[in-house]
Each structure stands twice: as structure tokens, then as C-alpha cells.
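Hello,

Here is the structure I promised to pass on. Please open it first, then read my notes below.

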Amino acid sequence: MSEDTLSTRAEQVQAFLARTPFAQEIGMRCEVMGDEMTAVMPFQKKLIGNFTIQALHGGAIGAFLELTAQAQVFLVAEHLPHPPRPINLTIDYLRQGHAKDTYARATITKMGRRMCSVQAEAWQDERSKPVTALMAHFMVGGD
């Protein structure tokens with residue numbers, strides 16, 4: 001893949017986030033380096049789901065991971081006629097998400113003509129200690 005192609009794809013990822021209202025609401029951004037991407041969800045007080053223990057809302061983390069997976073598909077797919085559409089998602093909440101920035105990375109385990117499989121993990125302090133994991137399938141071609 002040429003550097004120009006990667007730059008264009010990185011721009012496509014940014015455009016996808018810019019036209020996704022929830023990504024804007026949570027302040028999500030993606031740092032793209034080559035064909036690797038790290039998504040960032042900066043901490044905001046409105047993302048707290050339990051004020052007593054200062055825990056992030058599980059729905060915010062789950063949606064952040066879904067968007068991370070979709071953005072990764074945008075980054076590596078040759079041509080997408082439309083944004084990746086979720087077929088199914090499985091989200092595992094592994095640890096409490098604290099009141100701090102959250103990071104995520106996604107890996108495409110299979111890219112087909114019509115569907116792709118993606119795994120993603122979100123972490124806060126240590127990547128080796130994920131707070132949430134996602135396994136998803138997305139429709140990427142055909143209608």
C-alpha cells in the first residue's frame with residue numbers, strides 16, 4: 001500500500017468520525033500511523049454512568065468500541081459502497097472503566113467480499129489490562 005493510499009484512508013476514517021453524531025458527542029478521535037489505528041475517547045464527565053464509584057457508562061465504552069471497529073474497516077478496506085453495517089456484536093465488560101481517557105484498537109480477523117469479522121479491545125492505563133472487548137461482524141459489500 002502506498003503512502004498516498006494510507007493518507008487517503010486516514011482521511012476517510014476522519015471523515016467517517018466527523019459525520020457520525022455519536023463519535024462527535026463522545027469526542028472520539030483516531031490516531032492513524034500507517035495501517036494501524038488507535039482510537040481515543042477523552043474523558044468527559046457526561047460519560048460517567050455511576051457517580052458513586054466514578055465509573056464510565058458501559059454503553060459509552062461499547063459504542064466507542066463499535067465505532068473503533070468500523071473505523072478500522074474503513075482504514076483497511078479497498079472500497080466500501082457504504083459504512084460498515086453491524087450484523088452482530090458481542091461485548092465483554094472485563095474491568096471497571098474509570099474516569100479517565102480510554103483507548104482502543106481493532107483487528108480485522110477476516111475480510112470477505114460481503115462481511116468482515118473484527119475484534120477490538122479498550123484499555124485505560126495498560127493495554128495488557130483491557131476494560132472491554134468486542135467481537136463483531138459487519139456487512140461491507142452487497143445489499
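A residue is called buried under 20% relative accessible area, exposed over 50%, and partly exposed in between. By that scale E126 counts as partly exposed, because its relative accessibility is 40%. Keep in mind that this is a predicted model.

Where does E126 sit? It is found in the loop between β7 and β8. Its C-alpha atom is separated by 9.6 Å from that of Y103, and the two residues are 23 residues apart along the chain.

The partner of β5 is worth a look. β5 and β8 (residues 132-139) run antiparallel and are joined by 8 bridges. In this pair, R85 stands opposite M139 of β8.

The largest nonpolar core has 36 residues. V13, M28 and C30 are those with the most contacts inside it. Two or more residues come from each of α1 (3-18), α2 (21-26), β2, α3, β6, β7 and β8. The most come from α3, which gives 10 residues.

Which residues does V13 touch, leaving aside those up to four places away in sequence? They are C30, M37, A71, F74 and L75.

Last, the cysteines. How many disulfides does a search of the whole structure find? The count is 0. For C30, the closest cysteine sulfur is in C116, 15 Å away, which is too far for a bond. A disulfide needs the two sulfur atoms within 2.5 Å. C30 is buried, because its relative accessibility is 8%. C116 is buried too, with a relative accessible area of 0%.

Best wishes

Definitions and conventions: Residues numbered from 1 in each chain as written. Predicted model: local features only at pLDDT ≥ 70, side-chain atom pairs only at ≥ 80, totals over all residues. Heavy atoms only, no water. Pairing = 2+ DSSP bridges. Helix = DSSP H or I, 4+ residues; strand = E, 2+ residues; numbered from the N terminus. Core = buried A, V, L, I, M, F, W, Y, C linked by side-chain atoms within 4.5 Å. Buried < 20%, exposed > 50% of the residue type's maximum accessible area, 1.4 Å probe, protein only. Contact = heavy atoms within 4.5 Å.
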